[in-house]
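Good morning, and thank you for coming. Please look at the display before we start.

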Amino acid sequence: MRKTLIIAVMLLGSLITAYGQANSKLTDSLLNRLNKVKLEEKAALLNQVAQSYIPDNPSQCLLYAQKALDL
């Protein structure tokens, strides 16, 4: 029983780490595109960046959501 619990905890930790890395790459990709898009597309892209920050950094999420609203 104890061995199963340890394996489950390790698996869960691995999944969380993998999700965080994938989400970070998505956010980086969106931020790189931000400087290349036209003004008309920027608000939608800022909202995508904001959504990508929701799980890990809610304060950054709010910052980018506010920038989208300002546009």
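This is a predicted model: local features need pLDDT of at least 70, side-chain atom pairs count only at pLDDT 80 or more; totals for chains, interfaces and linings use all residues.

Which residues of helix 2 are buried? They are L45, L46, V49, A50, S52 and Y53. These residues cover an arc of only 155 degrees around the axis, and therefore they lie on the same side of helix 2. E40 and Q51, on the other side of helix 2, are exposed.

We now turn to the chain as a whole. The chain contains three helices and zero strands, and read from the N terminus its elements follow the order α-α-α. Of its 71 residues, 20% count as buried. The chain exposes about 5600 Å², of which carbon and sulfur atoms supply 62%. Among contacts between residues at least 6 apart in sequence, 34% join residues that are at least 24 apart.

In soluble globular proteins, nonpolar side chains tend to be buried together. The largest nonpolar core of this chain has eleven residues: L30, L34, V37, L45, L46, V49, A50, Y53, C61, Y64 and A68. At least two residues of this core come from each of helix 1 (2–34), helix 2 (39–53) and helix 3 (58–70). Helix 2 gives the most, with five residues.

Which residues does Y64 contact, leaving aside its neighbours within four places in sequence? They are L31, L46, V49, A50 and Y53.

Finally, I would draw your attention to T27, which is found in helix 1. Is T27 buried or exposed? T27 has a relative accessibility of 5%, and buried means under 20%, so T27 counts as buried. When neighbours within four places in sequence are left aside, T27 is in contact with S52 and Y53. T27 and S52 are 25 residues apart along the chain, yet their C-alpha atoms are separated by 5.9 Å. As we saw, S52 and Y53 are among the buried residues of helix 2, which returns us to the helix with which we began.

Conventions: Residues are numbered from 1 along each chain as its sequence is written. Side-chain values use heavy atoms; hydrogens and water are left out. A nonpolar core is a set of buried Ala, Val, Leu, Ile, Met, Phe, Trp, Tyr and Cys residues joined through side-chain atoms within 4.5 Å. Buried means under 20% relative accessible area, exposed over 50%, partly exposed in between (1.4 Å probe, protein chains only). Helices (H or I, at least four residues) and strands (E, at least two) are DSSP runs, numbered from the N terminus. Contact means heavy atoms within 4.5 Å. Accessible areas come from the Shrake-Rupley method with a 1.4 Å probe; for residues, only the protein chains shown count as cover. The arc is that of the directions from the helix axis to the C-beta atoms.
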